[in-house]
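Let's take a walk through a protein chain together. Have the sequence and the 3D view ready, and follow along as you read.

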Amino acid sequence: MRILVIDSQGGGIGKQVIAAIKKNNPDHEITAVGTNSAATANMLKAGADHGATGENAVVVGCRNNDIIVGPIGIVIADALYGEVTPKMAQAVGQSSAKRILIPINHCDNTIVGVSDYSIGKLVDEVVASINDIKL
């Protein structure tokens with residue numbers, strides 16, 4: 001299974017997600033794409049198989065992976081403190097990959113009806129969702 005993990009800022013969420021996926025499913029191929037080089041570097045440290053940075057890397061990655069994982073802001077133009085461009089959000093939204101979006105309430109976006117779980121609990125939910133997907 002090919003998984004694209006997209007994150008911004010320092011890549012902290014992506015780093016935790018990648019470490020958890022690799023711990024539970026070491027055979028899955030993970031590509032980490034950061035909106036900036038710091039995010040990419042931190043996700044590579046967590047065990048991603050490949051890494052790239054920037055808008056075009058997101059666009060290409062959305063075409064070439066089975067699953068996309070990231071904070072919900074990756075589908076909202078100008079989210080994550082402006083690091084998600086409209087082209088990135090469009091690529092994620094139009095991808096044929098299954099999307100697992102992590103409900104993070106910040107950057108003027110609030111997701112109602114979702115419990116305010118810790119990042120650790122949300123990461124556990126990501127891994128469980130990946131394990132439920134049959135390709």
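Find Val69 first: Val69 stands opposite Ile100 in strand 5. Strands here are DSSP runs of E with at least two residues, helices are runs of H or I with at least four residues, and both are numbered from the N terminus. Strand 4 and strand 5 pair in the parallel sense, with five bridges; two strands pair if DSSP finds at least two bridges between them.

Before going on, a word about what you're looking at. This is a predicted model, where local features need pLDDT of at least 70, side-chain atom pairs count only at pLDDT 80 or more, and totals for chains, interfaces and linings use all residues. Residues are numbered from 1 along each chain as its sequence is written, and side-chain values use heavy atoms, leaving out hydrogens and water.

In what order do the five strands of the open sheet line up? The order is 3-2-1-4-5, and the pairing is parallel. Strand 3 (50-53) and strand 5 (98-102) are the edge strands, each pairing on one side only. From one strand to the next, the twist averages 20°. For angles like this, axes are lines fitted to C-alpha atoms (for helices, over the stretch in contact), and the angles run from 0 to 180 degrees between N-to-C directions.

Now look at some of the pairs. Strand 1 and strand 4 are joined in the parallel sense by three bridges, and Ile3 has Ile67 of strand 4 as its bridge partner. Strand 2 (residues 29-34) pairs with strand 3, also in the parallel sense, over four bridges. There you'll find Val33 opposite Ala52 in strand 3.

## Helices on the sheet

Helix 1 (residues 12-24) packs on the sheet and touches strand 1 (2-7), strand 2, strand 4 (67-71) and strand 5. Touching, or contact, means heavy atoms within 4.5 Å. The direction of helix 1 makes about 160° with that of strand 1.

Helix 6 (residues 119-132) packs on the sheet too, touching strand 1, strand 4 and strand 5. Its direction makes about 165° with that of strand 5. In sequence, Ala128 and His50 are 78 residues apart, and their C-alpha atoms are 22 Å apart in space.

## What's tucked away

Is strand 4 mostly covered or mostly exposed? It's mostly covered: five of its five residues are buried. Buried means under 20% relative accessible area, exposed means over 50%, and partly exposed is in between, using a 1.4 Å probe and protein chains only.

Helix 5 (residues 86-94) has buried residues as well: Met88, Ala89, Ala91 and Val92. They cover an arc of only 160° around the axis, so they sit on the same side of helix 5. That arc is the one made by the directions from the helix axis to the C-beta atoms. Strand 1, helix 3 (55-63), strand 4 and strand 5 are among the elements covering these buried residues of helix 5.

Ser95 counts as buried, because its relative accessibility is 10%. Not counting residues up to four places away in sequence, Ser95 touches Cys62 and Ile68.

Next, click on Leu44 in helix 2 (residues 37-45). Leu44 counts as partly exposed, with 38% relative accessibility. Leaving aside neighbours within four places in sequence, Leu44 is in contact with His50 and Gly51. Lys15 is 29 residues from Leu44 along the chain, and the C-alpha atoms of the two are separated by 7.7 Å.

## Zooming out

How many helices and strands does the protein chain have? There are six helices and five strands, and along the sequence they follow the pattern β-α-β-α-β-α-β-α-α-β-α. The radius of gyration is 13 Å, close to the 14 Å that the globule rule gives for 135 residues, so the chain is as compact as a globular protein of that length. The radius is taken over C-alpha atoms, and the rule is 2.2 Å times the number of residues to the power 0.38.

Of the 135 residues, 45% count as buried. Among contacts with a separation of 6 or more, 68% come from residues 24 or more positions apart.
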